[in-house]
Structure formats: structure tokens, C-alpha cells
Amino acid sequence: MTPVLSVLVHNKPGVLNRITALFMRKGFNIQSLTVCITESPDVSRMTLVMNEMDEAALEQVMKQLHKQIDVLKVTDLTEAPMVSRELALIQVNSPIAQRATITSLIDPFRASIVDVGRDTVTVQVTGDAEKIEALISLLRPYGIRELARTGLTALPREASAVSELRRLNESQVLPI
Amino acid sequence: MPGMSKPADEMKRPMGEANHRTDGAMLLKGADMVVEALRRERVDVIFGYPGGAVLPLYDALFECGIRHVLTRHEQGAIHAAEGYARVTGRPGVVIATSGPGATNLVTGLADAMMDSIPIVAITGQVAKTVIGTDAFQETSIIGISTPITKHNYQIRHASEIPKVFKEAFHIANSGRKGPVLIDIPKDVAGETALFSYDDPPQLPGYQPTVVPHQLQIRKLMSGLSRAKKPVILAGAGILHAGASAELVAFAERHRLPVVHTLLGLGGFPASHPLFLGMGGMHGSAAANKALHETDFLINLGARFDDRLTGKLEFFAPHATVAHVDIDPAEIGKNVSTQIPVVGDVREALLMMLAADVESPHADAWMNELLATKEQFPYWYVQEGTGIKPQRLIAEIARLTAGNAVVITDVGQHQMWTAQFFPFEVPDRWVTSGGLGTMGFGLPAAIGAYFGKPEQQVVAILGDAGFQMTQQELAVIGEMELPIKVVIVNNGALGMVRQWQELFHGERYSASLLEWQPDFIKLAEAYRIPATRVQEDDALTDALAAFLAASGPGFLECVVEPRENVFPMVAPGTGIHQMVGVKP
């Protein structure tokens with residue numbers, strides 16, 4: 001099981017450092033981490049894909065995240081219905097003669113060519129990790145020059161970020 | 001938080017409206033705001049050391065009415081703040097300058113983090129205009145202190161000061177307590193802003209659960225009433241929550257044996273017939289037997305530290321574990337827990353006391369444990385003419401009638417004190433548990449004195465740890481503080497030496513202090529009356545005179561150099577595999 005966590009945090013300087021420092025201190029390893037703004041300027045969303053771990057370890061990760069003062073909400077999306085996407089840019093060898101092959105290869109992935117050079121093309125693909133892995137392994141025989149992946153970002157299904165934030169606000173018990 | 005609630009928006013009102021406010025808001029300079037915030041938090045003493053970046057703050061502190069104690073090193077200041085916090089339950093406040101001043105706080109921050117000690121540490125920072133330029137005495141104390149503080153802040157404008165201080169004191173002293181650091185750039189101290197301290201802290205990401213879930217309490221109580229071999233493990237959470245009376249009432253109600261952690265000592269009276277002693281590496285045979293054989297373990301505010309549990313597979317292997325902790329992350333971290341109870345341990349005990357359940361039928365178990373307690377007390381062999389360190393501790397306890405506030409450093413003398421000083425009441429025991437900080441004791445004693453000036457304060461220190469922060473004798477000498485400093489001099493880094501003897505083939509690598517300073521002259525240089533005692537038959541008289549004298553005192557006790565701390569759970573073994581349970 002590779003856990004996927006969605007973490008809402010205060011959009012403040014140093015918060016990313018708090019999270020990464022926590023992971024270093026506790027020896028938690030991550031596969032990918034994305035940080036982005038949300039519809040609220042004060043709140044950022046981190047999407048964490050963790051290395052494989054057992055349930056007890058995941059529980060500890062979530063509890064430690066919760067302990068951070070700047071963490072507003074931690075959601076485990078691993079088993080939950082979610083929409084998750086990643087974007088990859090793949091620069092692949094593509095002499096003119098092979099270009100048509102590459103185009104037909106990437107077509108079923110709904111990937112597109114976003115840059116064309118004399119010897120290479122750069123393919124852009126979005127999807128879940130599995131789909132991206134599949135395209136990468138298809139392109140590998142042609143010679144991948146460079147590869148950049150954004151890491152996964154995710155939302156639970158049938159719950160927009162807006163309603164998630166609203167629920168959070170409504171559940172606040174203030175003042176302490 | 002900005003945009004998330006109304007009061008935050010209110011704070012953005014232009015200052016011109018200040019005149020219309022009726023809440024006592026006033027225009028102040030940043031440095032004066034800090035002092036005013038400390039006043040509002042009813043801070044009566046600050047431990048600190050000035051320097052360039054905190055000059056404006058020290059100017060505001062001058063003759064402000066809050067007592068300032070100048071330690072001789074910032075590490076001393078933060079350990080003093082810890083000592084103060086431990087005996088009062090109120091946050092200790094420490095101030096240091098930027099750069100080296102701030103980095104000298106690091107050990108104390110880590111120590112307070114491990115032992116859940118409420119601290120508010122204020123550090124100066126270089127001016128905002130030069131942050132990031134490697135300016136003189138600049139260091140990123142926020143980056144450095146993030147993993148060793150409960151939270152930290154860098155103030156970007158004086159207008160943030162009231163909000164940040166209010167939050168910092170609240171975070172430090174609520175939930176699982178801990179250190180909070182506030183970094184203040186020098187130019188912020190000169191900025192002017194509106195000061196209002198009436199808004200409650202708004203921390204949507206920080207809402208500790210205080211009252212436990214009734215269902216979990218019910219599970220705990222019904223499990224307990226079916227238990228055959230129940231035991232309570234009581235940690236420092238009892239002291240932080242002020243739950244001693246409730247603990248005693250609960251243990252008595254159901255006739256439950258009680259084991260303390262090192263840091264929990266004093267939460268349950270040592271002389272109580274239900275008390276089994278301290279558990280863990282140097283705990284009592286009865287306590288460890290109970291922890292190993294129990295079928296129902298109630299952990300009240302302890303964190304299952306490895307020095308307590310020994311090898312985990314032998315720790316309470318047959319038990320249903322119930323764990324009450326204000327910090328949910330502690331539950332299930334080391335020991336798998338069937339009945340988690342998140343909340344304040346005093347609230348939990350009140351609910352447990354209110355539960356109407358049958359007491360467990362555990363008389364046979366209780367009698368067995370009490371027989372073990374009787375059979376295997378802490379021991380030492382009195383032989384020769386030298387002083388046995390254990391007897392030294394027992395004599396201090398006897399001569400102070402167990403009433404003193406006792407502070408130790410870290411090592412053998414610390415374990416002997418935990419074993420031989422019977423703590424009867426809470427908040428008179430100050431020691432560095434989790435981090436095991438040598439050099440903690442002397443400055444912590446200074447802080448403990450300011451927290452409880454009406455009590456006798458005795459600092460029991462090893463000869464090695466004392467030398468790590470010995471410069472703080474200057475504070476005792478200068479202010480003539482009636483602190484009694486006892487040096488347990490075995491001419492070694494005793495615990496290191498013991499482990500080398502037992503586990504490293506008696507190869508005493510860098511652990512024997514064959515050259516030592518003249519401790520008497522050292523103390524006298526700080527104008528503290530000092531005596532040396534090295535013969536057992538002179539010990540009692542020397543101690544009695546030393547403890548009875550007024551003002552500061554320094555007693556060097558030269559003790560048997562090869563004495564070891566027993567009983568012991570060797571590292572990597574289970575708590576049922578103790579060695580040295582009897583002579």
C-alpha cells in the first residue's frame with residue numbers, strides 16, 4: 001500500500017519546512033510531495049505519496065502531521081474514492097523518420113507533443129501514476145533524454161476543496 | 001487566522017480607530033509590547049543573557065518590575081527556565097540574543113521538548129533588512145529549532161506581537177506542554193503598533209482534546225473490572241495535569257498497584273502501600289515484575305520510553321493495554337494499545353472515579369507484588385570507611401524529611417536519587433529524563449528556587465555533569481540563593497564507566513576523571529561556603545550542618561568510585577531479566 005495523504009496547511013512561510021523537518025526527524029520517506037494553493041489564499045494543500053508502510057506506521061504519520069500547529073486537516077485518500085493526477089514531461093529521441101510512430105504511440109494516452117526539436121520531441125501526459133509509468137516504459141526503447149514529473153495531486157471525489165474547507169471552518173471550536 | 005474568522009479581520013482595522021476601542025488597546029513600541037505581553041501573562045521572573053540583537057528589549061526590561069536573572073551562559077538560562085516550569089507548572093521564560101545566544105538554547109529546547117516542559121524562549125534576530133545576508137550574529141534559529149520546539153514564530157512586524165505571545169503561552173502550557181520559541185528581529189522592537197491582549201488565541205490547527213470520550217472510559221473500566229493482574233503506570237502527565245489526588249483516590253478505590261516512571265516520581269506518594277517504585281532500567285524488581293506479568297496495564301500520562309519498557313517484546317506481553325494521553329501521537333507509538341483514551345489525565349481519572357464498576361479481584365496478585373517489594377528493596381552494601389552514594393541520598397532524604405525540592409543532573413547519582421529519595425508530594429523532583437542532559441542540574445536548581453523559594457532546594461550533581469554548567473555558581477553566589485549543591489564525586493563519568501565495566505570489557509575509554517579541579521576552591525571562588533566529606537562516619541554530621549546552614553552551600557562528597565547502579569535491565573533485554581536485584 002502506498003498511502004496518499006491530502007494535508008491542508010496554513011499558507012505561511014516555513015510550513016513546508018516544518019513538514020519536511022518532521023519527516024526527516026521521524027524517518028518517514030516520501031515518494032512525492034506537491035504543494036499548491038487552494039481557493040482560499042490562507043490555505044495550501046499538500047499531497048503526499050508515502051513509501052509503502054503498514055497501518056500502524058501510517059497512523060503515526062497522520063498523528064504527527066496533526067500535531068503540527070499549522071496543519072488544519074489530514075485526509076487519508078489511500079482507500080477513499082479520489083481523483084488523482086500527475087503530469088509528466090518526457091523528452092524522447094525522435095528522428096524525423098520515427099516521429100509518426102511516436103505520435104501514434106502516445107495517442108491512446110491522450111498525451112500531446114508540446115515541444116519539437118531536430119532530434120527530440122517533448123511529450124506531455126497527465127493521469128494517475130500507473131498510466132504515466134505505462135507511457136514511460138513504452139517510450140523508453142526510443143531513448144528518454146530527460147524526464148520531469150510533478151508528483152501526484154489529488155482530491156476526494158464528490159467533495160470539492162471548497163466544501164472540505166467549509167466543513168473545516170464549521171467544525172472549528174473557538175475560542176479554545 | 002487571516003480570512004478564517006471575524007476577530008482576525010477586526011485586527012486589520014486602521015489604527016485611527018484605536019481611540020474608539022474600549023478594550024484597553026494602546027500604542028506601544030515593539031520592545032514595550034513584549035514586556036507588556038509578559039506582564040499580562042503574569043511572568044514574575046525571566047532568565048536570560050543580553051546581546052546586540054536584544055538590546056532594545058533589554059532596554060525595555062530595565063526597571064520594568066519583572067525580575068531578570070542573569071545566568072552566565074544561555075544554556076544555563078533555559079535550564080533554569082525549565083526548573084522553574086517543572087516546579088510551578090507555569091511556563092518558564094528565557095531570553096537570548098541572536099546567533100550564538102540563540103544556538104546556546106538548543107540543548108534546553110530539546111530537553112524541554114522531550115520532557116514536555118512549558119517554555120517560552122525569546123530570541124533576538126538581526127534586523128529584517130539584513131536577514132539572509134549572513135549579518136553579524138545571524139543564524140536561522142527558526143530552522144534550527146523547528147524539530148525541537150512545539151512551535152516557533154518569527155515576528156515580521158510589531159503588530160503581531162500580542163497575537164504571537166498570546167498563542168505562544170497558550171501552546172506552551174496547554175495540551176502536551178512544550179517549548180515555543182519567538183524570534184524577534186531587532187528593528188521590530190522599534191516599530192510602533194496597537195497593543196491589545198484581549199482576543200483569545202485563534203488556532204484552528206491546535207485544539208487538544210481535554211475531556212476523554214466517555215465510551216473509551218467505559219471500555220477501560222469494564223476491562224479493569226475483569227482483570228486479574230492490573231497495574232497502573234503513572235508518568236509525568238500526572239504532574240502536568242495536577243492529578244495526584246485523583247490518582248491516589250483511584251488506586252485506593254480499586255486497590256491497584258502503582259508504578260511510576262522516572263519523571264512521574266512524586267505523583268503517587270512513595271510511602272503508600274500500593275506503590276511499587278519506579279519501573280524500567282533501574283527500577284524496582286516489584287515494579288518491573290508487575291509491568292512484565294500484568295494482564296491489564298493502565299498507562300496514565302507516560303510515553304512508554306525505551307528506558308522504561310526494555311525490549312518491547314517482553315513488555316507487558318500478556319496485557320490489554322489502556323493508555324490515557326493528552327497527545328494522541330503517543331498512543332500506539334511504541335506499545336500496541338487496545339484501549340486508547342485521548343485527553344487530560346485528570347479529566348480521565350475523574351471520569352474513571354465516577355464509573356460504577358466492580359473492582360478487579362486481584363488480591364492474590366497484589367499480595368504477590370507486595371511480597372516481591374518486601375523481598376527485593378533497593379539495596380547497597382555498607383562496607384569500608386568510604387561513603388556509599390546510595391547512603392548519601394538516603395541521608396539527604398532523612399535529614400530534609402523528604403520535603404526538599406530535589407534537582408539532579410544525569411547519570412548514576414540521578415538513578416540513586418530516583419531510588420533512594422522517597423518523593424511523597426508532586427512537583428519537588430526536577431530531572432532531565434528524555435534527553436538525559438548532563439549540565440542540566442545546577443541551572444535547573446536556580447530556576448526551581450525561583451519557582452518555590454519557600455522550599456529547601458537541594459541540587460544533587462555528579463562531578464562530571466556539574467562541570468558542564470558550573471559557571472552558574474556565579475548566580476548562586478551573587479544573589480546568595482539558599483541552594484544546597486551536593487557534588488557526588490566518584491571521579492568518573494559514572495554511568496559511562498559502569499557500562500564500560502559491564503558491557504565493554506572494563507575498557508574505561510575517556511570516562512575516568514583522574515585529574516579534577518579543587519572543587520572547594522572553585523566554590524569558594526564564587527564565595528559559596530564549601531566543605532568536603534569523604535569518610536562515612538563524618539557524613540551525617542557534615543550533611544546536617546550543611547543543610548541547616550542558611551544561604552548558599554556546597555558540599556563535595558567523595559564517594560566510592562566503583563559503585564554501580566543496580567538493579568539493572570541490561571540494554572536489549574526484557575524487564576523481567578533484571579540483574580543485581582539483591583546483593
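A polar contact is a pair of N or O atoms within 3.5 Å, in which, within protein, one atom must be able to donate a hydrogen and the other to accept it.

**View 1. Domains 1 and 3 of chain B in the predicted model**. The domain assignment divides chain B into domain 1 (6-195), domain 2 (214-375) and domain 3 (389-558). The C-alpha centres of domain 1 and domain 3 of chain B lie 32 Å apart, and the contact between these two domains draws on 23 residues from domain 1 and 27 residues from domain 3.

**View 2. The area buried between domain 1 and domain 3 of chain B**. About 1900 Å² is buried between the two domains, with carbon and sulfur atoms giving 65% of that area. On the side of domain 1, the residues that lose the most area to domain 3 are B:Arg72, B:Arg86 and B:Val87, which together account for 31% of what that side buries.

**View 3. Polar contacts and salt bridges between domain 1 and domain 3 of chain B**. Nine residue pairs, both residues at pLDDT 80 or more, are in polar contact between the two domains, and the count of salt bridges between them is two. The side chain of B:Arg72 meets that of B:Glu478 in a salt bridge, at 3.2 Å from N to O.

**View 4. The side of domain 1 of chain B that touches domain 3**. Strand 2 (45-48), strand 3 (67-70), helix 4 (74-88) and helix 6 (106-114) of chain B each supply at least two residues to this side, and helix 4 gives the most, with 10 residues. By residue class, this side of domain 1 is made up of nine nonpolar, eight polar and six charged residues.

Conventions: Residues are numbered from 1 along each chain as its sequence is written. Chains are lettered from A and ligands numbered from 1 in the order in which they are written. This is a predicted model: local features need pLDDT of at least 70, side-chain atom pairs count only at pLDDT 80 or more; totals for chains, interfaces and linings use all residues. Side-chain values use heavy atoms; hydrogens and water are left out. Domain bounds come from an automatic or database domain assignment. Contact means heavy atoms within 4.5 Å. Buried area is the accessible area (1.4 Å probe) that two parts lose on being put together, summed over both. A salt bridge is a side-chain nitrogen of Lys or Arg within 4 Å of a carboxyl oxygen of Asp or Glu. A polar contact is a pair of N or O atoms within 3.5 Å; within protein, one must be able to donate a hydrogen and the other to accept it, and residues adjacent in sequence count only if both atoms are side-chain atoms. Helices (H or I, at least four residues) and strands (E, at least two) are DSSP runs, numbered from the N terminus. Ala, Val, Leu, Ile, Met, Phe, Trp, Tyr, Cys and Pro count as nonpolar, Asp, Glu, Lys and Arg as charged, and the others, Gly among them, as polar.
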